[in-house]
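Please take a moment to look at the sequence and the model that follow, and then read on for a guided walk through a few of the contacts and turns.

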Amino acid sequence: MTSKFFTFLTAIAIGAAGHAQTPHLQPSAPRTVVTADASTPPVVRAGLLQSTLIELPAEEKVATVFGGDTVSWVFDAGHVASRYISIKPKVADSSTDLHIVSDHGNEYTIELREVSSDKDNPHFDSKVYVTSSDPKVAENMAKSPVFVPAAEADAKEAQLRKEADDARKAAEADHKAVASAAETFKASYPGTLHFDYTWDLKKGSALGIEQIWRDDKFTYLRGKFQETPALYELKDGKGSLINYDFANGLYTIGPTRTKRSSLSEKQHLNSITSKS
């Protein structure tokens, strides 16, 4: 009976001593710390086995984290790229430095201290917003990120491959459509040709005319000419020069002519008339 009572009192004493050595920690309201390359790193108060959330500016994400003491402290930036880091001390009265590199290439350095033995101030930081007073930090944030998480890079690469594949398929579809349209045009074009012009064959042969025809847009005249004749349109018995293209013995006259026209070589007029 006496032995059991002594054991019970010993357990109470040990529990009371442990409670006295680890005072109750209380979270503080979120606050902002400002870093600068030329200044001492700001201190973040952490509580034993308590999580403190470090938050970067909204424009940035955490690229990587370097901690001085990775045995006594836990650093967790999560599995998805974000601007948050959770830090948690595992050993009382420990301290370490923390370097955070953002995706824009900015570096933030803070000092971490475990404060459970601070009897005068039992509060620890629950959330800390980290900013910088260095002008280059804002300049870097205005630019595109220099570090891209592997998951985002893979997703971007997959997106680019898909866009390239879609563009290739669209180009192939356009090529097929153009080829189909060309084949359709070739198949139907002969039906648009009309050989309904009459002319003085003897005089035409003297000028070198071989054939005259038209489609829905142009009139064509082919021949072998020693000198390129000018082409006129007769109106009220008077000839007016017509604009045309000429190459390799072929006249192309637009739009289609259905009125009386003439070829002239050395002031010799030869009438060409459409039957339509």
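Asp 93 counts as exposed, with 52% relative accessibility, where exposed means over 50% relative accessible area, buried under 20% and partly exposed in between (1.4 Å probe, protein chains only). Asp 93 lies in the loop between strand E7 (84-89) and strand E8 (95-102), and strands (E, at least two residues), like helices (H or I, at least four), are DSSP runs numbered from the N terminus. Although Asp 93 is not a glycine, it has a positive phi of about 60 degrees. This is worth a second look because most residues other than glycine have a negative phi. Leu 49 likewise is not a glycine and has a positive phi of about 60 degrees; its place is in the loop between strand E3 (43-46) and strand E4 (52-55), and with a relative accessible area of 57% Leu 49 is exposed.

Before going further, keep in mind that this is a predicted model, in which local features need pLDDT of at least 70 and side-chain atom pairs count only at pLDDT 80 or more, while totals for chains, interfaces and linings use all residues. Residues are numbered from 1 along each chain as its sequence is written, and side-chain values use heavy atoms, with hydrogens and water left out.

Now turn to the charged side chains. Side chains of opposite charge can pair when their charged atoms come close. A search of the whole structure finds eleven salt bridges, a salt bridge being a side-chain nitrogen of Lys or Arg within 4 Å of a carboxyl oxygen of Asp or Glu. One of them joins the side chains of Glu 157 and Arg 161, at 3.0 Å from N to O. Because Glu 157 and Arg 161 are four residues apart in helix H3 (residues 150-188), about one helical turn separates them, and Glu 157, at 44% relative accessibility, is partly exposed.

Further along helix H3, Lys 169 and Asp 165 are also four residues apart, and therefore separated by about one helical turn; their side chains meet in a salt bridge of 3.3 Å, N to O. Lys 169 is partly exposed at 46% relative accessibility, and Asp 165 is partly exposed too, with a relative accessible area of 26%. Asp 165 and Lys 169 belong to a network of salt bridges that also links Arg 168 and Glu 172.

Which residue forms a salt bridge with Asp 196? The partner is Arg 214, and the closest N and O atoms are 2.6 Å apart. This pair links distant parts of the chain, 18 residues apart, with Arg 214 in strand E13 (residues 209-214) and Asp 196 in the loop between H3 and strand E12 (197-199). Arg 214 is buried at 13% relative accessibility, and Asp 196 is buried at 14%.

The last topic is the aromatic rings. The whole structure holds eight aromatic pairs, counted when rings of Phe, Tyr and Trp (its six-membered ring) have centres within 6.5 Å, with planes under 30 degrees apart called stacked, over 60 edge-to-face and the rest tilted. Among them is the tilted pair of Phe 185 and Tyr 189, 5.1 Å centre to centre with 35 degrees between the planes, in which Tyr 189 is partly exposed, with a relative accessible area of 23%. The pair of Trp 213 and Tyr 220 is stacked, because the ring centres are 5.6 Å apart and the planes stand at 25 degrees. Trp 213 is buried, with a relative accessible area of 15%, and Tyr 220 is buried, with 12%. Ring pairs join Trp 213 and Tyr 220 with Phe 195 and Phe 218 in a cluster.
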